[in-house]
Each structure stands twice: as structure tokens, then as C-alpha cells.
Amino acid sequence: MGKCLAPFKFMLKALTLALILTVTVATCMLVSLNAQAAQVRAAVSSPELRLITEPWAPVSYEESGAAKGFAVELVEQLQLSVENEQQIEVMPWARALSIAETRANVLLFATSINETRRNKFHFVGPILSSKISLFALAEDEIEIERADELKTVGAIGVYRDTIGESLLKQAGVTNLQLASYPEHSAKQLFRGRVRLWCQADVAVASLLEKVGEQATSVKPVFVLDEIVLYLAFSKGTHQQVIEHWAEALTAFKTSGKFKRLYTKYFDDTHLSISVSDSVDILWLNH
């Protein structure tokens, strides 16, 4: 009789072990799901992301009290995907940068990268690229071959707290006239208050139009660098929030909508790097 029951006892033990294993696996999965749910709740319950940009047409600007421009339209499209309903604020770059550097849950755009900013922001992109150049009046016969020559050319107008200012200072150039708004430096050039105007080429035509001048009235005389622009998320922004925006940008690019938006504002000079389907997250350096 005992021999007859032996197979059943073995099966019972096997079923018991299988049941224990199943319960253990289910428990682990439940713990994992609870952890993921906690992360989602933390991201959702965090303060809604504040969206800040600058007056830098055609990338971003304000018209009749509303934010406009390439980067603004891009962010508005991404807002639909991530369900963010915050109004985009437009303010001078120095003020915008100061807010983003000192507060959590801020998206600052469009932002270029340097070593200082890598320690303060998480970056998602790229969304745009541009050359930072020095422009002179078309009739000026000035020729610049090296950055150190900029130290003796006279006053140079540059937008305050921008990569242009940073690049010039890194080159040892101190003869700078800083402006709170980008068009102010353009005006100074035409009024003879500065000899050179430092600006990104993607914005030059719009800024000249804003001050009532023709694109042919200036000429580039020296290229400082080529920059790539990103969406910058301030320190303290939840990781899942940043990843959600990166996923939305990836989907927007792969759909072909990004390219159509880009060509609405720009020619294809820098199209390849901007419209690449690739989207990177550059996490803040610790």
C-alpha cells in the first residue's frame, strides 16, 4: 500500500514546490510593479514643469502676449503628448537662465551646452544647430583670421549670458558690450556703438528685420563655434518626466512632423543634425 502511495506523495511534493515557486514569483512581480507605480505616482505628483524660453526670433519670441517661434511650436506639440498644460513664458535669457539654474521642474529652451551647464541641467535633443559668428557692416573692410585679433577690433556687441559671451571670454576678449535683448546689439552695430555683432546665424535675418535692416547690410567675418541646441531640464526634475519628454520628441521626429516644422522656419543648412531621428538624454553631471 505504501509503495502505491509513494508516487502520489512525490507528485504532492512537486505540486507544493511549484505552488511555492509561483507565489514567490508573483510576489516579486507585485513588488516590482508596486515600485514602478510608486515612481509613476512620484512623477505625476511632482509640481508641473514650468516652461521658459527667450525672445530670440525665429526660434522663440512673443507676439501679442503669446509665445511664438520654431522651438515654441515644437514644445507645444510635445506638451500634447506628455499632457503638460503650462503656458510658455518668454523672458530675457539672463533671467530665464537664473530661474532654471536655481529651481527644480523647469524646462528651458532652446539651450546650448557647455561644461558649466552640464553640471546644472539634463539635456534632451538635439532640436537645432547653428554657427555663432561675428558680423560687421557690409561696407566694413575688416578681416579676422584668429580669435585673438578680436581683442583689438573695438567694441563687440553680444547677448548677455549666452554661449557667444562665454566663447568670447574664453578667448580672452574683454571689449564686450552686453545686451539684455538680442536686437539691442544689432541696433548698436548700425549706430556705430560696436564694430562687431556676435549672434547665431539662425537668428540674424529675423533680428535684422526687427530693427528695420536688410540681411545684405551685414556680413559674417569670423565663426566662433557651431552649437547644438537642446531642451534643458533643471536639477530636481523627476527622471520619468524627462524620459517622457524624450519619448515624445522621438515620436515627433520619426513621424516626419519635426522636419515639416523645421522647414517652416529655416532652410536645410543644418537640417541633418536637427532632424535626425536620434534623440539623446544627456544626464546632469554629478
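Predicted model: local features only at pLDDT ≥ 70, side-chain atom pairs only at ≥ 80, totals over all residues.
Helices here are DSSP runs of H or I, at least four residues long, numbered from the N terminus.

Helix 6 covers residues 182–190. Just after helix 6, Gly192 has a positive phi of about 80°. Within the helix, Pro182, Glu183, Ser185, Ala186, Gln188 and Leu189 are buried. Among the elements covering those residues are strand 6, strand 9, helix 7 and strand 10.

The side chains of Glu183 and Lys210 meet at 3.5 Å, N to O. Glu183 is in helix 6 and Lys210 in helix 7, so this pair ties together parts 27 residues apart in sequence. Glu183 has 9% relative accessibility and counts as buried, whereas Lys210, at 54%, is exposed.

Salt bridges come to eight in this model. Another one pairs Glu101 with Lys120, at 3.4 Å. Glu101 belongs to helix 3 and Lys120 to the loop between helix 4 and strand 6, so parts 19 residues apart in sequence are tied together. In helix 5, Lys169 and Glu165 sit four residues apart, about one turn, and their side chains meet at 2.6 Å.

Now the core. Which residues touch the most other members of the largest nonpolar core? They are Leu134, Leu150, Ile156, Leu168, Leu231 and Trp245, out of 68 residues. Strand 10 gives the most to this core, eight residues. Leaving aside neighbours within four places in sequence, Ile156 contacts residues including Leu134, Leu150, Leu168, Val194 and Cys198. A second, separate core has 14 residues, among them Ala96, Phe123, Tyr230 and Ala232.

How values were computed
Residues numbered from 1 in each chain as written. Heavy atoms only, no water. Buried < 20%, exposed > 50% of the residue type's maximum accessible area, 1.4 Å probe, protein only. Helix = DSSP H or I, 4+ residues; strand = E, 2+ residues; numbered from the N terminus. Contact = heavy atoms within 4.5 Å. Core = buried A, V, L, I, M, F, W, Y, C linked by side-chain atoms within 4.5 Å. Salt bridge = Lys/Arg side-chain N within 4 Å of Asp/Glu carboxyl O.
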